[in-house]
Amino acid sequence: MSPGSVRTPSLRGRLLGWIGLALLALLGLAALKSWLDARANAEIAYDRSLLTAARVIGDSLQVEGEQLIANVPYSVLDPFSLDSGGSAYYQVIDPRGRQAAGFVDLPAPPEGLALTRRYPALARFFDADYGNREVRVVSLLVPLSDARLSGMAEIRVAEHRDIHRQLMRQLLERSMLQLALFALVAFLLFAAAIGTALRPLERVARMIQSRDANDLGPLPLDGVQREVRGLIEAINHLTVRLEEVLSAQRDFVADAAHQLRTPLFALRAQLELGLRNGAQSDLRAILTRVQHDLEQLTLLSNRLLSLARVENDLQRRAFAPCELTALTRDFCLGMASLAHQRGLGLAFEADGPCWIAADAALINELLAILIGNAQAYTPKGGQILVKVARDGVLEVEDDGPGIPEEERERVFERFYRGRHRERFDERNAISGTGLGLAIAQRICTAHGAEITLSEGQQGGTLARVAFVTVEPSPTPKRLQPA
(Lines give C-alpha, C1' and ligand atoms only; values in the text may rest on other atoms or scores of the structure.)
Protein backbone atom coordinates (compact mmCIF):
# COMPACT_ATOMS: atom_id res chain seq x y z
CA MET A 1 0.00 0.00 0.00
CA SER A 2 1.41 3.37 -0.96
CA PRO A 3 1.85 6.10 1.69
CA GLY A 4 -0.69 8.28 -0.07
CA SER A 5 -3.36 5.58 0.22
CA VAL A 6 -3.18 5.49 4.02
CA ARG A 7 -6.16 7.39 5.31
CA THR A 8 -5.33 10.09 7.82
CA PRO A 9 -7.64 10.05 10.85
CA SER A 10 -9.97 12.99 11.20
CA LEU A 11 -9.46 15.69 13.79
CA ARG A 12 -12.76 14.71 15.42
CA GLY A 13 -11.69 11.07 15.65
CA ARG A 14 -8.29 11.99 17.02
CA LEU A 15 -9.78 14.25 19.70
CA LEU A 16 -12.34 11.62 20.69
CA GLY A 17 -9.59 9.00 20.81
CA TRP A 18 -7.41 11.07 23.12
CA ILE A 19 -10.37 12.00 25.31
CA GLY A 20 -11.43 8.34 25.44
CA LEU A 21 -7.94 7.29 26.52
CA ALA A 22 -7.88 10.03 29.15
CA LEU A 23 -11.27 8.95 30.47
CA LEU A 24 -10.12 5.31 30.60
CA ALA A 25 -7.01 6.33 32.53
CA LEU A 26 -9.12 8.40 34.95
CA LEU A 27 -11.59 5.52 35.23
CA GLY A 28 -8.76 3.19 36.15
CA LEU A 29 -7.50 5.55 38.84
CA ALA A 30 -11.02 6.06 40.13
CA ALA A 31 -11.55 2.27 40.21
CA LEU A 32 -8.38 1.85 42.28
CA LYS A 33 -9.53 4.60 44.64
CA SER A 34 -12.99 3.03 44.87
CA TRP A 35 -11.46 -0.35 45.68
CA LEU A 36 -9.36 1.16 48.46
CA ASP A 37 -12.36 3.11 49.79
CA ALA A 38 -14.62 0.04 49.60
CA ARG A 39 -12.04 -2.03 51.47
CA ALA A 40 -11.65 0.63 54.16
CA ASN A 41 -15.41 1.18 54.52
CA ALA A 42 -16.11 -2.55 54.63
CA GLU A 43 -13.37 -2.94 57.25
CA ILE A 44 -14.91 -0.20 59.39
CA ALA A 45 -18.45 -1.59 59.09
CA TYR A 46 -17.22 -5.13 59.70
CA ASP A 47 -15.22 -4.16 62.81
CA ARG A 48 -18.12 -2.11 64.15
CA SER A 49 -20.48 -5.08 63.93
CA LEU A 50 -17.96 -7.31 65.68
CA LEU A 51 -17.48 -4.73 68.43
CA THR A 52 -21.25 -4.32 68.84
CA ALA A 53 -21.67 -8.05 69.25
CA ALA A 54 -18.85 -8.17 71.81
CA ARG A 55 -20.43 -5.30 73.79
CA VAL A 56 -23.81 -7.01 73.83
CA ILE A 57 -22.14 -10.15 75.17
CA GLY A 58 -20.28 -8.06 77.74
CA ASP A 59 -23.54 -6.53 78.94
CA SER A 60 -24.96 -10.00 79.47
CA LEU A 61 -22.22 -11.17 81.85
CA GLN A 62 -23.27 -12.14 85.42
CA VAL A 63 -21.41 -13.49 88.44
CA GLU A 64 -22.98 -16.42 90.26
CA GLY A 65 -20.92 -17.60 93.16
CA GLU A 66 -17.41 -17.49 91.83
CA GLN A 67 -18.44 -18.36 88.27
CA LEU A 68 -18.87 -15.99 85.40
CA ILE A 69 -22.05 -16.67 83.47
CA ALA A 70 -22.73 -15.30 79.94
CA ASN A 71 -26.35 -15.18 78.89
CA VAL A 72 -25.65 -14.59 75.20
CA PRO A 73 -28.81 -13.80 73.23
CA TYR A 74 -28.97 -15.58 69.91
CA SER A 75 -29.94 -12.34 68.19
CA VAL A 76 -26.38 -11.13 68.70
CA LEU A 77 -25.07 -13.61 66.13
CA ASP A 78 -28.08 -13.48 63.83
CA PRO A 79 -26.57 -10.89 61.42
CA PHE A 80 -23.49 -13.07 60.97
CA SER A 81 -25.45 -16.25 60.66
CA LEU A 82 -27.83 -14.87 58.08
CA ASP A 83 -25.05 -13.48 55.90
CA SER A 84 -22.45 -16.19 56.20
CA GLY A 85 -24.27 -19.33 57.17
CA GLY A 86 -23.52 -19.50 60.90
CA SER A 87 -19.83 -18.73 60.67
CA ALA A 88 -19.66 -16.46 63.78
CA TYR A 89 -17.89 -17.54 66.95
CA TYR A 90 -17.50 -16.10 70.43
CA GLN A 91 -15.59 -16.88 73.61
CA VAL A 92 -15.81 -15.46 77.16
CA ILE A 93 -12.75 -15.64 79.43
CA ASP A 94 -13.02 -14.64 83.11
CA PRO A 95 -10.43 -12.54 84.96
CA ARG A 96 -8.68 -15.72 86.09
CA GLY A 97 -8.10 -16.80 82.48
CA ARG A 98 -10.70 -19.57 82.48
CA GLN A 99 -13.20 -20.01 79.67
CA ALA A 100 -16.66 -19.09 80.88
CA ALA A 101 -18.65 -19.60 77.66
CA GLY A 102 -18.40 -19.90 73.89
CA PHE A 103 -16.17 -21.80 71.51
CA VAL A 104 -12.90 -23.38 72.54
CA ASP A 105 -9.49 -22.22 71.31
CA LEU A 106 -10.47 -19.02 69.58
CA PRO A 107 -7.24 -17.24 68.57
CA ALA A 108 -5.77 -14.88 71.16
CA PRO A 109 -4.54 -11.38 70.23
CA PRO A 110 -0.89 -11.26 69.10
CA GLU A 111 1.63 -10.25 71.75
CA GLY A 112 2.05 -6.48 71.91
CA LEU A 113 -1.03 -5.65 69.82
CA ALA A 114 -2.19 -2.13 70.73
CA LEU A 115 -5.74 -1.16 71.56
CA THR A 116 -7.79 0.40 68.80
CA ARG A 117 -8.12 4.20 68.69
CA ARG A 118 -11.01 4.15 66.30
CA TYR A 119 -13.64 3.27 68.93
CA PRO A 120 -13.98 4.27 72.62
CA ALA A 121 -13.45 0.74 73.90
CA LEU A 122 -10.70 -1.49 75.25
CA ALA A 123 -10.71 -3.52 72.07
CA ARG A 124 -8.15 -4.99 69.71
CA PHE A 125 -8.83 -6.18 66.15
CA PHE A 126 -6.71 -8.72 64.32
CA ASP A 127 -6.80 -11.35 61.60
CA ALA A 128 -6.21 -15.00 62.34
CA ASP A 129 -6.95 -18.56 61.17
CA TYR A 130 -9.58 -20.69 62.84
CA GLY A 131 -10.85 -23.98 61.57
CA ASN A 132 -8.59 -23.67 58.49
CA ARG A 133 -10.37 -20.50 57.51
CA GLU A 134 -9.42 -16.86 57.73
CA VAL A 135 -11.32 -14.97 60.41
CA ARG A 136 -11.52 -11.45 61.75
CA VAL A 137 -11.42 -11.27 65.54
CA VAL A 138 -12.17 -8.58 68.12
CA SER A 139 -10.89 -8.91 71.66
CA LEU A 140 -12.88 -6.71 74.11
CA LEU A 141 -11.86 -6.22 77.71
CA VAL A 142 -14.81 -5.77 80.11
CA PRO A 143 -14.18 -4.72 83.73
CA LEU A 144 -15.91 -6.70 86.51
CA SER A 145 -16.43 -5.06 89.91
CA ASP A 146 -18.20 -7.89 91.77
CA ALA A 147 -16.72 -8.69 95.19
CA ARG A 148 -16.65 -12.38 94.39
CA LEU A 149 -14.97 -11.94 90.99
CA SER A 150 -13.27 -8.73 89.96
CA GLY A 151 -10.87 -7.84 87.20
CA MET A 152 -10.96 -7.71 83.41
CA ALA A 153 -12.97 -10.28 81.51
CA GLU A 154 -12.11 -10.83 77.83
CA ILE A 155 -14.72 -11.34 75.15
CA ARG A 156 -13.65 -12.57 71.73
CA VAL A 157 -15.92 -12.52 68.76
CA ALA A 158 -14.71 -13.95 65.42
CA GLU A 159 -16.27 -14.08 62.00
CA HIS A 160 -15.15 -15.54 58.70
CA ARG A 161 -13.99 -12.85 56.29
CA ASP A 162 -16.52 -13.97 53.67
CA ILE A 163 -18.99 -11.36 54.84
CA HIS A 164 -16.27 -8.73 54.66
CA ARG A 165 -15.45 -9.65 51.06
CA GLN A 166 -19.13 -9.72 50.18
CA LEU A 167 -19.66 -6.25 51.62
CA MET A 168 -16.58 -4.89 49.87
CA ARG A 169 -17.71 -6.41 46.55
CA GLN A 170 -21.13 -4.81 46.88
CA LEU A 171 -19.63 -1.41 47.61
CA LEU A 172 -17.16 -1.74 44.72
CA GLU A 173 -19.80 -2.85 42.22
CA ARG A 174 -21.97 0.09 43.13
CA SER A 175 -19.06 2.53 42.77
CA MET A 176 -17.89 1.04 39.47
CA LEU A 177 -21.39 1.24 38.03
CA GLN A 178 -21.59 4.91 38.94
CA LEU A 179 -18.12 5.59 37.51
CA ALA A 180 -18.92 3.78 34.25
CA LEU A 181 -22.14 5.77 33.83
CA PHE A 182 -20.29 8.98 34.60
CA ALA A 183 -17.53 8.18 32.06
CA LEU A 184 -20.08 7.30 29.38
CA VAL A 185 -22.06 10.50 29.93
CA ALA A 186 -18.83 12.55 29.99
CA PHE A 187 -17.66 10.97 26.72
CA LEU A 188 -20.99 11.73 25.04
CA LEU A 189 -20.88 15.32 26.29
CA PHE A 190 -17.31 15.70 25.03
CA ALA A 191 -18.32 14.28 21.66
CA ALA A 192 -21.16 16.78 21.40
CA ALA A 193 -18.87 19.63 22.49
CA ILE A 194 -16.23 18.66 19.91
CA GLY A 195 -18.86 18.51 17.18
CA THR A 196 -20.03 22.00 18.14
CA ALA A 197 -16.46 23.32 18.32
CA LEU A 198 -15.58 21.95 14.86
CA ARG A 199 -18.56 23.50 13.12
CA PRO A 200 -16.72 26.78 12.37
CA LEU A 201 -13.97 24.78 10.63
CA GLU A 202 -16.57 22.92 8.61
CA ARG A 203 -18.14 26.24 7.68
CA VAL A 204 -14.75 27.54 6.49
CA ALA A 205 -14.26 24.36 4.44
CA ARG A 206 -17.69 24.81 2.83
CA MET A 207 -16.90 28.46 2.03
CA ILE A 208 -13.65 27.49 0.32
CA GLN A 209 -15.20 24.57 -1.58
CA SER A 210 -18.09 26.68 -2.83
CA ARG A 211 -15.79 29.38 -4.22
CA ASP A 212 -14.95 29.83 -7.85
CA ALA A 213 -11.44 28.70 -8.80
CA ASN A 214 -10.55 32.23 -9.93
CA ASP A 215 -11.85 33.91 -6.77
CA LEU A 216 -8.80 34.72 -4.60
CA GLY A 217 -10.50 37.36 -2.49
CA PRO A 218 -10.20 37.24 1.31
CA LEU A 219 -12.55 35.08 3.34
CA PRO A 220 -14.93 37.03 5.60
CA LEU A 221 -14.01 37.33 9.29
CA ASP A 222 -17.43 38.37 10.59
CA GLY A 223 -18.68 36.26 13.49
CA VAL A 224 -15.60 34.02 13.47
CA GLN A 225 -14.18 32.61 16.71
CA ARG A 226 -10.74 33.77 17.78
CA GLU A 227 -9.09 30.38 17.21
CA VAL A 228 -10.58 30.01 13.73
CA ARG A 229 -9.83 33.67 12.92
CA GLY A 230 -6.09 32.89 12.96
CA LEU A 231 -6.61 30.10 10.43
CA ILE A 232 -8.72 32.30 8.14
CA GLU A 233 -6.18 35.13 8.40
CA ALA A 234 -3.42 32.67 7.43
CA ILE A 235 -5.51 31.49 4.45
CA ASN A 236 -6.19 35.09 3.43
CA HIS A 237 -2.47 35.87 3.71
CA LEU A 238 -1.71 32.85 1.54
CA THR A 239 -4.24 33.89 -1.07
CA VAL A 240 -2.76 37.40 -1.13
CA ARG A 241 0.70 35.95 -1.73
CA LEU A 242 -0.70 33.60 -4.36
CA GLU A 243 -2.40 36.52 -6.08
CA GLU A 244 0.90 38.40 -6.03
CA VAL A 245 2.73 35.43 -7.52
CA LEU A 246 0.08 34.96 -10.21
CA SER A 247 0.09 38.68 -10.94
CA ALA A 248 3.88 38.66 -11.22
CA GLN A 249 3.67 35.67 -13.56
CA ARG A 250 1.04 37.39 -15.68
CA ASP A 251 3.18 40.52 -15.85
CA PHE A 252 6.25 38.47 -16.67
CA VAL A 253 4.47 36.58 -19.44
CA ALA A 254 3.14 39.84 -20.83
CA ASP A 255 6.56 41.52 -20.68
CA ALA A 256 8.26 38.44 -22.15
CA ALA A 257 5.73 38.31 -24.98
CA HIS A 258 6.34 42.02 -25.66
CA GLN A 259 10.12 41.60 -25.54
CA LEU A 260 10.02 38.61 -27.88
CA ARG A 261 7.56 40.31 -30.24
CA THR A 262 9.90 43.27 -30.82
CA PRO A 263 12.92 41.36 -32.25
CA LEU A 264 10.61 39.02 -34.16
CA PHE A 265 8.86 42.00 -35.74
CA ALA A 266 12.24 43.54 -36.55
CA LEU A 267 13.40 40.30 -38.18
CA ARG A 268 10.27 40.13 -40.29
CA ALA A 269 10.62 43.75 -41.34
CA GLN A 270 14.29 43.28 -42.25
CA LEU A 271 13.53 40.17 -44.30
CA GLU A 272 10.65 41.88 -46.14
CA LEU A 273 12.94 44.81 -46.89
CA GLY A 274 15.59 42.46 -48.22
CA LEU A 275 13.06 40.74 -50.48
CA ARG A 276 11.93 44.07 -51.92
CA ASN A 277 15.44 45.46 -52.40
CA GLY A 278 17.71 43.25 -54.38
CA ALA A 279 20.87 45.44 -54.23
CA GLN A 280 23.93 43.49 -53.10
CA SER A 281 25.23 46.16 -50.72
CA ASP A 282 21.83 46.77 -49.13
CA LEU A 283 21.25 43.03 -48.76
CA ARG A 284 24.49 42.60 -46.82
CA ALA A 285 23.60 45.40 -44.42
CA ILE A 286 20.12 43.92 -43.92
CA LEU A 287 21.59 40.47 -43.19
CA THR A 288 23.98 42.03 -40.68
CA ARG A 289 21.05 43.62 -38.83
CA VAL A 290 19.15 40.31 -39.05
CA GLN A 291 22.11 38.53 -37.47
CA HIS A 292 22.20 41.14 -34.69
CA ASP A 293 18.47 40.73 -34.04
CA LEU A 294 18.80 36.93 -34.00
CA GLU A 295 21.59 37.12 -31.45
CA GLN A 296 19.49 39.49 -29.36
CA LEU A 297 16.55 37.10 -29.59
CA THR A 298 18.77 34.16 -28.68
CA LEU A 299 20.14 35.98 -25.64
CA LEU A 300 16.64 36.94 -24.52
CA SER A 301 15.43 33.34 -24.91
CA ASN A 302 18.43 32.06 -22.95
CA ARG A 303 17.78 34.58 -20.20
CA LEU A 304 14.14 33.56 -19.97
CA LEU A 305 15.16 29.90 -19.77
CA SER A 306 17.77 30.78 -17.15
CA LEU A 307 15.18 32.62 -15.09
CA ALA A 308 12.85 29.62 -15.24
CA ARG A 309 15.69 27.25 -14.26
CA VAL A 310 16.78 29.50 -11.40
CA GLU A 311 13.24 29.67 -10.02
CA ASN A 312 12.98 25.87 -10.25
CA ASP A 313 16.38 25.32 -8.57
CA LEU A 314 15.51 27.73 -5.78
CA GLN A 315 12.48 25.61 -4.90
CA ARG A 316 14.81 22.72 -4.02
CA ARG A 317 17.20 24.76 -1.90
CA ALA A 318 19.79 21.93 -1.82
CA PHE A 319 22.58 24.16 -0.50
CA ALA A 320 25.84 22.61 0.71
CA PRO A 321 29.27 24.00 1.67
CA CYS A 322 31.30 24.93 -1.43
CA GLU A 323 34.58 26.74 -1.97
CA LEU A 324 33.80 30.07 -3.66
CA THR A 325 37.42 30.91 -4.54
CA ALA A 326 38.00 27.72 -6.56
CA LEU A 327 34.58 27.96 -8.17
CA THR A 328 35.17 31.57 -9.28
CA ARG A 329 38.73 30.85 -10.49
CA ASP A 330 37.52 27.98 -12.68
CA PHE A 331 34.76 30.11 -14.16
CA CYS A 332 37.14 32.98 -14.96
CA LEU A 333 39.46 30.56 -16.74
CA GLY A 334 36.56 29.49 -18.90
CA MET A 335 35.63 33.12 -19.71
CA ALA A 336 39.20 34.28 -20.45
CA SER A 337 39.16 33.28 -24.11
CA LEU A 338 35.85 35.07 -24.78
CA ALA A 339 37.18 38.22 -23.10
CA HIS A 340 40.33 38.04 -25.23
CA GLN A 341 38.26 37.74 -28.43
CA ARG A 342 36.45 40.97 -27.49
CA GLY A 343 39.70 42.76 -26.76
CA LEU A 344 39.17 42.81 -22.98
CA GLY A 345 41.42 41.88 -20.09
CA LEU A 346 40.04 39.55 -17.37
CA ALA A 347 41.97 39.23 -14.07
CA PHE A 348 41.24 37.21 -10.93
CA GLU A 349 42.40 37.87 -7.36
CA ALA A 350 41.76 36.01 -4.08
CA ASP A 351 43.33 36.09 -0.63
CA GLY A 352 42.54 32.48 0.27
CA PRO A 353 39.78 29.87 0.40
CA CYS A 354 36.26 31.05 1.10
CA TRP A 355 33.47 28.60 2.07
CA ILE A 356 29.80 29.42 1.63
CA ALA A 357 26.56 27.39 1.71
CA ALA A 358 25.35 27.48 -1.88
CA ASP A 359 24.33 25.62 -4.99
CA ALA A 360 27.22 25.46 -7.47
CA ALA A 361 25.00 25.73 -10.55
CA LEU A 362 23.33 28.89 -9.22
CA ILE A 363 26.67 30.47 -8.27
CA ASN A 364 27.94 29.82 -11.82
CA GLU A 365 24.77 31.44 -13.16
CA LEU A 366 25.47 34.47 -10.94
CA LEU A 367 29.08 34.68 -12.17
CA ALA A 368 27.94 34.37 -15.78
CA ILE A 369 25.58 37.32 -15.33
CA LEU A 370 28.01 39.63 -13.51
CA ILE A 371 31.08 38.88 -15.67
CA GLY A 372 28.95 38.71 -18.84
CA ASN A 373 27.48 42.15 -18.14
CA ALA A 374 30.98 43.54 -17.51
CA GLN A 375 32.21 42.14 -20.84
CA ALA A 376 29.14 43.31 -22.77
CA TYR A 377 29.33 46.94 -21.62
CA THR A 378 33.06 47.52 -21.35
CA PRO A 379 34.70 49.15 -24.39
CA LYS A 380 37.40 47.32 -26.31
CA GLY A 381 40.70 47.49 -24.49
CA GLY A 382 39.01 47.70 -21.08
CA GLN A 383 39.84 45.66 -17.98
CA ILE A 384 37.65 43.46 -15.77
CA LEU A 385 38.80 42.46 -12.29
CA VAL A 386 37.16 39.65 -10.27
CA LYS A 387 37.99 39.38 -6.53
CA VAL A 388 37.07 36.90 -3.80
CA ALA A 389 37.79 37.73 -0.14
CA ARG A 390 37.96 35.37 2.82
CA ASP A 391 34.98 37.09 4.44
CA GLY A 392 32.68 35.94 1.62
CA VAL A 393 32.74 39.08 -0.55
CA LEU A 394 32.69 38.63 -4.33
CA GLU A 395 33.48 41.69 -6.48
CA VAL A 396 33.34 42.18 -10.26
CA GLU A 397 34.72 45.55 -11.38
CA ASP A 398 35.06 47.00 -14.89
CA ASP A 399 36.26 50.31 -16.31
CA GLY A 400 33.29 50.83 -18.60
CA PRO A 401 30.84 53.75 -18.58
CA GLY A 402 29.35 52.77 -15.21
CA ILE A 403 25.76 53.13 -14.06
CA PRO A 404 24.32 56.47 -12.90
CA GLU A 405 23.45 56.48 -9.22
CA GLU A 406 19.76 57.10 -9.87
CA GLU A 407 19.55 53.89 -11.96
CA ARG A 408 21.42 51.49 -9.67
CA GLU A 409 18.26 50.27 -8.00
CA ARG A 410 16.10 50.14 -11.12
CA VAL A 411 18.51 47.94 -13.07
CA PHE A 412 17.44 45.02 -10.83
CA GLU A 413 13.91 45.26 -12.25
CA ARG A 414 12.95 42.82 -14.97
CA PHE A 415 13.37 44.07 -18.56
CA TYR A 416 14.81 47.41 -17.44
CA ARG A 417 17.78 48.71 -19.42
CA GLY A 418 19.81 51.75 -18.49
CA ARG A 419 19.77 54.64 -20.97
CA HIS A 420 23.55 54.97 -20.88
CA ARG A 421 24.03 51.54 -22.41
CA GLU A 422 22.42 52.32 -25.69
CA ARG A 423 25.66 53.98 -26.85
CA PHE A 424 27.49 50.67 -26.76
CA ASP A 425 25.01 48.65 -28.81
CA GLU A 426 27.02 49.36 -31.95
CA ARG A 427 30.34 48.39 -30.38
CA ASN A 428 29.09 45.10 -28.97
CA ALA A 429 27.40 42.21 -30.68
CA ILE A 430 24.37 42.32 -28.44
CA SER A 431 22.74 44.65 -25.96
CA GLY A 432 21.19 43.70 -22.63
CA THR A 433 17.89 41.93 -22.09
CA GLY A 434 16.98 43.53 -18.80
CA LEU A 435 16.80 40.14 -17.04
CA GLY A 436 20.37 39.43 -15.96
CA LEU A 437 20.57 41.52 -12.81
CA ALA A 438 17.01 40.55 -11.82
CA ILE A 439 18.09 36.91 -11.92
CA ALA A 440 21.30 37.75 -10.02
CA GLN A 441 19.37 39.47 -7.26
CA ARG A 442 17.01 36.49 -6.97
CA ILE A 443 19.98 34.12 -6.60
CA CYS A 444 21.60 36.34 -3.96
CA THR A 445 18.37 36.64 -1.96
CA ALA A 446 17.94 32.87 -1.94
CA HIS A 447 21.51 32.45 -0.60
CA GLY A 448 21.06 35.08 2.10
CA ALA A 449 23.54 37.34 0.29
CA GLU A 450 23.32 41.04 -0.56
CA ILE A 451 24.19 42.44 -3.99
CA THR A 452 24.97 46.11 -4.51
CA LEU A 453 26.17 48.26 -7.42
CA SER A 454 28.50 51.20 -7.02
CA GLU A 455 31.11 53.19 -8.92
CA GLY A 456 34.49 51.46 -9.38
CA GLN A 457 37.91 53.00 -8.87
CA GLN A 458 38.28 53.53 -12.64
CA GLY A 459 34.82 55.06 -13.00
CA GLY A 460 33.15 51.87 -14.18
CA THR A 461 30.73 49.58 -12.34
CA LEU A 462 31.57 47.62 -9.20
CA ALA A 463 29.18 44.74 -8.48
CA ARG A 464 29.61 43.51 -4.90
CA VAL A 465 28.00 40.37 -3.43
CA ALA A 466 28.39 39.68 0.31
CA PHE A 467 27.82 36.01 1.21
CA VAL A 468 27.57 34.43 4.66
CA THR A 469 30.59 32.20 5.24
CA VAL A 470 30.39 28.72 6.77
CA GLU A 471 32.80 26.17 8.21
CA PRO A 472 34.78 24.18 5.62
CA SER A 473 33.27 20.88 4.52
CA PRO A 474 34.83 17.86 6.34
CA THR A 475 35.16 16.13 2.97
CA PRO A 476 35.82 19.01 0.58
CA LYS A 477 35.24 18.40 -3.09
CA ARG A 478 35.92 20.76 -5.91
CA LEU A 479 32.75 21.80 -7.65
CA GLN A 480 32.90 22.14 -11.39
CA PRO A 481 31.10 24.88 -13.30
CA ALA A 482 27.72 23.84 -14.67
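This is a predicted model: local features need pLDDT of at least 70, side-chain atom pairs count only at pLDDT 80 or more; totals for chains, interfaces and linings use all residues.

Visitor: How many residues of helix 7 are buried?

Guide: Helix 7 is mostly covered, with 15 of its 17 residues buried. At its start, the backbone nitrogen of Ala361 lies within 3.2 Å of a side-chain oxygen of Asp359.

Visitor: Which residues touch the most other members of the largest nonpolar core?

Guide: They are Val465 and Phe467, in a core of 40 residues. Several elements give two or more residues to this core, including helix 6 (324–341), strand 12 and strand 14 (461–466). Helix 7 provides the largest share, eight residues.

Visitor: What is Phe467 in contact with, leaving aside its neighbours within four places in sequence?

Guide: Its partners include Leu324, Ile356, Ile363, Leu366 and Leu394, and also Asp391 and His447.

Visitor: Where in the chain is confidence lowest, and where is it highest?

Guide: The mean pLDDT of the chain is 78, and 76% of the residues reach 70 or more. Confidence is lowest in helix 2 (residues 78–84), with a mean of 49, and highest in strand 12 (residues 393–398), at 94. Over residues 81–86 the pLDDT stays under 50, and the model has six contacts beyond four places in sequence for them. Residues 476–482 also have pLDDT below 50, with 15 contacts beyond near neighbours in sequence.

Methods: Residues are numbered from 1 along each chain as its sequence is written. Side-chain values use heavy atoms; hydrogens and water are left out. pLDDT is the predictor's confidence in each residue, from 0 to 100. Helices (H or I, at least four residues) and strands (E, at least two) are DSSP runs, numbered from the N terminus. Contact means heavy atoms within 4.5 Å. Buried means under 20% relative accessible area, exposed over 50%, partly exposed in between (1.4 Å probe, protein chains only). A polar contact is a pair of N or O atoms within 3.5 Å; within protein, one must be able to donate a hydrogen and the other to accept it, and residues adjacent in sequence count only if both atoms are side-chain atoms. A nonpolar core is a set of buried Ala, Val, Leu, Ile, Met, Phe, Trp, Tyr and Cys residues joined through side-chain atoms within 4.5 Å.
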